[in-house]
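Please read the points below with the model open beside you.

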Amino acid sequence: GGGRVTVGVGAMASTTHPSRAVAALVVVVGAFVAGAVAATALSRRVKGEDHGDVVGVDGVGRGGGDAVRCVDVERDVGGVRGVATVPSTSAFDASDEILREQFTRNVQFFGERGQSAVRDAFVVVVGLGGVGSHAAHMILRSGIGKLRVIDFDQVSLSSLNRHATATRADVGTAKATCLKKHFAEIYPEADVDARVAMYEADAEEELLGPWFGTSQEPDFVVDCIDNIDTKIALLAACVRRNIRVVTSGGAGAKCDPTRLRFADIADCAADPLARAVRYRLNKEYKIQGGITALISIEKQRCELVAEMELKEGETLSDYQVIPNFRVRTIPVLGCVPAIFGMALASHVLTEIAEAPFDGEPLIVLRSKQYDTQLERLRERENERGREVANMAVDLEDVIYLVREVWCALSARDTSNKRLKAYWRNTSGLSLTRWDPAKGATLDNLVLLTTDEADAHDAKCGLEGGFIALCDEEPDLAAFVTSRLNRVKLDFGIP
């Protein structure tokens, strides 16, 4: 009785009665235990092991404490069954210490206001292949609050060389739900709406409409579709709905990351996909510009590859699973679509955060010879008379026809079949209609010498003249038809 006990806690020590010492020891031990439990819980949450009661695509908890709680529901979009996430609360709490630490570098870059804009934004990514998966991935990693990802396709073994997150275990699963699954491990507090669907006009409201249970419209749409028909329908819808949109050109068969440029779609003749989109947007929707596109000015190194051998009487269209979708593939070096996707993400994020960048301009060098060709075609059409005159091409189309299709040579020049001679003098050449019964459109213009063009117009202008020409010169007719069929393929013209 009456003894003194010294209890040391860290660098602090005090003397007290034994019973009080025991009580103090219990408090200290309890504090250590509580701290250990809290630290473990924090560690588990940071590692994504503690998901609270947020439901993921596979029914497994994906959330984090008081973060957004979501419920997955199947939705039928355009006849394709998909999975959609319906949030029951608002976006994450900006004061959350884990989230602030996770996005601290973004805050340092954009500032509080800019990162808050990113956090509160709603972005839609359509097309989740090599380009789209990387775009969605980096947008998600940068702290976007609401992300809708859309694709009807599945992960394949051959897509693993370029997909942002997919592994072999994901082969055969929908690309949209694959991304959602991996995103839940990166940023479980985000609202991710995975749609297994193809974008189609009749599904516009379902896919581009407001976020569930709110009136919030998309702040940005990222178009990473590689099918022309679907692509132009999406872009036209975005213009009509006044939604900011950025579109990707072709990333296949290219390898030089220094050749990427952002430009208005009106100036993107250097990229075959963007050029075709530009033409169709103007022709079908009277949209001539105002859409930002990301393109590579590098020439493609490889041609399209058919994935099957055709039997006698078969065509590639016989193997189309979905009408108007490709049945040939283009070789892809996986790092290039990844760079495309990350560049698109950078554009979207900086625009949302109100910190846009001015990229290196796309320099378009135009020779006077192309202006001359356009003027000659215009004069030739005017001579046909106002009733039949039909100029459906512009300067960019003329450059494409002269350089890419006719190689700056007359269709009657035998060297046209083996040379690409962009440097040739075209002063003696003129574009004219191949079939005079059709308009002066991309898929009906042939390059001839001016004398040949005059003779062609005179002969084919007679009744039955064009049919007679094709009968008399079948090799020429077959050659010109093959070139014009290439134009149709390039521009998705039926």
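1. In this predicted model, phenylalanine 122 has a relative accessibility of 0%. Buried means under 20%, so phenylalanine 122 counts as buried. Tryptophan 211 is buried too, with a relative accessible area of 1%.

2. There are nine aromatic pairs in the structure. One of them joins phenylalanine 122 and tryptophan 211, edge-to-face, at 5.1 Å centre to centre and with 80° between the planes. Phenylalanine 122 belongs to strand 5 (residues 122–126), while tryptophan 211 sits in the loop between helix 6 (204–208) and strand 8 (220–223), so the pair ties together parts 89 residues apart in sequence. Phe122, Trp211 and Phe212 make up one aromatic cluster.

3. Tyrosine 400 is buried, at 2% relative accessible area, and phenylalanine 491 is buried at 0%. Their ring centres are 4.9 Å apart and their planes stand at 70°, so this pair is edge-to-face. Tyrosine 400 is in helix 11 (residues 395–405) and phenylalanine 491 in helix 14 (residues 474–491), so the pair links parts that are 91 residues apart in sequence.

4. How do helix 4 and helix 9 cross, and at what angle? The axes of helix 4 (residues 130–141) and helix 9 (residues 335–352) come within 7 Å and cross at roughly 40°; the two helices are therefore oblique to each other. The crossing is right-handed.

5. In the contact between these helices, the residues of helix 4 include His134 and Met138, and those of helix 9 include Phe340 and Leu344. The contact residues of helix 4 and helix 9 divide into 12 nonpolar, three polar and no charged.

Technical notes
Residues numbered from 1 in each chain as written. Predicted model: local features only at pLDDT ≥ 70, side-chain atom pairs only at ≥ 80, totals over all residues. Heavy atoms only, no water. Axes fitted to C-alpha atoms, helices over the stretch in contact; angles between N-to-C directions. Helix = DSSP H or I, 4+ residues; strand = E, 2+ residues; numbered from the N terminus. Parallel < 35°, antiparallel > 145°, perpendicular 65-115°, else oblique. Left-handed = near helix turned anticlockwise from the far one by under 90°. Contact = heavy atoms within 4.5 Å. Nonpolar A, V, L, I, M, F, W, Y, C, P; charged D, E, K, R; others polar. Phe/Tyr/Trp six-rings, centres within 6.5 Å; stacked < 30°, edge-to-face > 60°. Buried < 20%, exposed > 50% of the residue type's maximum accessible area, 1.4 Å probe, protein only.
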